[in-house]
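Have a look at the model first, then read on.

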Amino acid sequence: MAHQQFTGKLQEEMICPICLDILQDPATIDCGHSFCLSCITQSGEAADSVLKCPLCNKIVKRDTITPNWLLVNLVEKIQAMNPSDMQPETEELRCLRHGEKCHYFCEVDGKFLCVVCRESKDHKTHNTTLIEEAAQNYQGRIQSQIEVLQQKEREIIQVMAQGEHCIKVSMYQVELEKEMVIEAFRQLRKVIKEEKSFLLSRINWLGQEISKGEKLYVTSTKSQLNYLRKLKDSLKSRQCLPPGQLLQDIKIALCRSEAFRFLNPTPVSMDLEKKLSDIKSRHDSLTKSLKKFKDILQADSKKDKSKFLSGLSEEDRKSWYLAEKNDPKTNKTSEPELSPPVDRTTKPVLQNPKLSISLSPLFRKRNRDSFVSYSSNRDSSENLGSPGATNIEELKTMIDPLTLDAASAHPDLIISQDLKTVTLKPVPQRVCAGDTDPERFYPFRCVLGLPGLCSGCQTWEAELQGPEGGGCVVGVASELVPRKGMLQIEPLSGFWALRIAGSECQALTETGTREDLSVCLRKVGVHVNHECGKVVFYDATTSNHLYTFHASFPGQIFPFFRLLVPGTQITLSP
């Protein structure tokens with residue numbers, strides 16, 4: 001109870017005395033009182049260099065208004081509290097007007113009354129009873145209502161049972177479709193495997209036939225060559241003989257030599273050459289068909305994936321990425337031996353023996369940590385995953401040019417003509433109905449950078465300026481993050497970023513948690529490796545490593561900036 005009272009009083013202290021609402025962008029003036037920055041800025045005449053404190057009437061200078069970081073953090077923590085912690089302690093029923101204890105209950109107005117109120121003109125003609133009697137009278141009505149609710153409970157249980165049965169049937173259909181997908185690809189692989197086997201068999205047979213022809217060719221040519229050499233050697237030997245012996249049977253020897261004709265056998269028969277040409281043609285045709293099929297399949301797959309993801313809500317996308325991360329071998333599902341194609345009109349025997357119409361648990365517990373992990377090697381430069389880049393100094397030589405996406409900028413953000421600098425207006429607008437442009441962030445004062453990254457690496461730097469160092473969030477964001485309404489800036493929602501405010505620097509990790517980094521940052525560098533799933537932050541002034549996020553990026557990602565304090569300025573480099 002004491003904790004609840006303290007929480008309630010603390011919340012009262014966070015009320016702006018001007019707008020009587022929770023402090024927005026708390027600012028403090030010289031007299032020590034704090035107000036919403038927009039409230040105190042709009043107080044008095046805008047042209048005056050001084051203003052009067054609405055509480056103590058002290059005259060203070062306008063240029064002394066400074067952000068109150070302590071109150072900023074307190075307001076964030078109070079808004080994150082459980083509303084049940086702020087409920088006041090239940091006390092004895094007393095009349096708010098007369099301070100007397102309430103003894104009666106008005107049946108007409110449904111209010112608790114003291115003795116004085118009961119006799120007043122407002123309630124004198126009304127039906128009033130003692131609180132205890134009224135409570136007893138309402139017991140019967142409560143009991144009747146309980147019976148009505150019990151009947152509704154039974155109806156809901158019946159509907160729930162029907163719904164659970166419908167879910168089980170749907171899950172059965174999911175598993176059936178899964179088996180059909182596996183079977184379809186199995187049949188496709190079977191056809192490709194059979195074609196491959198037949199083509200290789202033809203090639204192997206052709207090789208064997210050519211090898212046989214090679215033996216005949218070599219035997220024939222060698223035998224003729226040997227005979228030719230014998231004729232040549234015989235004539236050479238005659239040249240060395242005496243004339244009488246040289247002329248003996250000389251005409252026969254010359255006639256035999258002149259009659260020699262080389263019978264050139266065909267190395268590869270025309271029939272085998274035609275078969276080899278047919279194999280080449282079949283291979284070329286098959287290659288073209290497979291390439292065409294692959295291109296069509298990839299194009300259809302890209303369209304189907306884009307349609308599927310765009311049709312998911314933010315929560316469904318988180319669930320999808322978690323499931324995909326937890327089961328990286330989805331496309332390598334173990335499959336049984338080849339079997340006849342599945343007929344959709346018949347009920348197949350499912351390969352999973354654990355699945356039946358009763359459907360034992362089909363969902364595995366999804367581990368949040370499997371989607372994204374964190375590391376903070378702050379003391380040394382790590383291997384950043386970029387070919388040839390092993391330290392921050394090398395990364396600084398690989399900086400990519402970056403610009404701001406003006407179409408995504410909140411209306412309170414001022415973008416320079418060269419699209420390199422963004423500034424939060426000194427007097428931002430109060431949150432209203434909102435901007436209708438779907439590309440703009442609203443109500444959070446954010447803007448994206450260009451170009452995005454869908455593969456490879458990207459390195460860029462940003463310089464921060466503003467009152468007391470300014471306040472901002474710098475990092476990268478998925479293309480799928482929402483641009484309207486509340487943003488939960490955390491890795492699981494598609495943001496990998498640092499929060500920089502004054503002398504503080506924090507890594508925004510899990511929901512509602514921040515990891516303090518002991519550095520006063522004025523220029524931050526960001527290196528993204530899409531393939532390795534890394535986002536590396538470093539101090540661009542000292543070249544010291546700050547923090548590394550490890551993640552599985554869902555598609556394209558963009559540089560992301562959120563400006564927290566009016567007057568904050570971010571300049572991209574180069």
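Glu439 comes out as partly exposed, at a relative accessible area of 39% (under 20% is buried, over 50% exposed and anything in between partly exposed, using a 1.4 Å probe and protein chains only). Its side chain meets that of Arg483 in a salt bridge, 3.4 Å from N to O; the term stands for a side-chain nitrogen of Lys or Arg within 4 Å of a carboxyl oxygen of Asp or Glu. The pair ties together distant parts of the chain, 44 residues apart: Glu439 sits in the loop between strands E12 (421–424) and E13 (446–450), and Arg483 in the loop between strands E15 (471–478) and E16 (495–501). These labels are DSSP runs numbered from the N terminus, with helices (H or I) of at least four residues and strands (E) of at least two.

Before going further, some ground rules: this is a predicted model, where local features need pLDDT of at least 70 and side-chain atom pairs count only at pLDDT 80 or more, while totals for chains, interfaces and linings use all residues. Residues are numbered from 1 along each chain as its sequence is written, and side-chain values use heavy atoms, with hydrogens and water left out.

## Salt bridges within helices

In total, the structure holds 14 salt bridges. One of them pairs Lys274 with Asp278, the closest N and O atoms being 3.5 Å apart. Both residues belong to helix H8 (residues 270–310) and are four residues apart, about one turn of the helix. Lys274 is exposed at 52% relative accessible area, whereas Asp278 is partly exposed at 33%.

Another one joins Glu314 and Arg317, with the closest N and O atoms 3.0 Å apart. This pair is in helix H9 (residues 314–326), three residues and about one helical turn apart. Here Glu314 is partly exposed at 21% and Arg317 is buried at 12%.

Helix H5 (residues 131–239) packs against helix H7 (residues 250–258) at about 150 degrees, their axes 10 Å apart. Axes are lines fitted to C-alpha atoms, for helices over the stretch in contact, and angles run from 0 to 180 degrees between N-to-C directions.

What about H5 and H8? Their axes come within 11 Å and cross at roughly 160 degrees, so this pair is roughly antiparallel too. Residues making the contact (heavy atoms within 4.5 Å) include Leu199, Trp205 and Leu206 of H5 and Leu276, Asp278 and Phe293 of H8. Asp278 is also the salt-bridge partner of Lys274.

## A buried loop residue

Where does Ile489 sit? Its place is in the loop between E15 and E16. Is Ile489 buried or exposed? With 15% relative accessibility, Ile489 counts as buried.

Leaving aside neighbours within four places in sequence, Ile489 is in contact with Val473, Phe495, Leu508, Phe560 and Arg562. The C-alpha atoms of Ile489 and Thr509 are separated by 8.6 Å, and the two residues are 20 apart along the chain.

How values were computed
Parallel < 35°, antiparallel > 145°, perpendicular 65-115°, else oblique.
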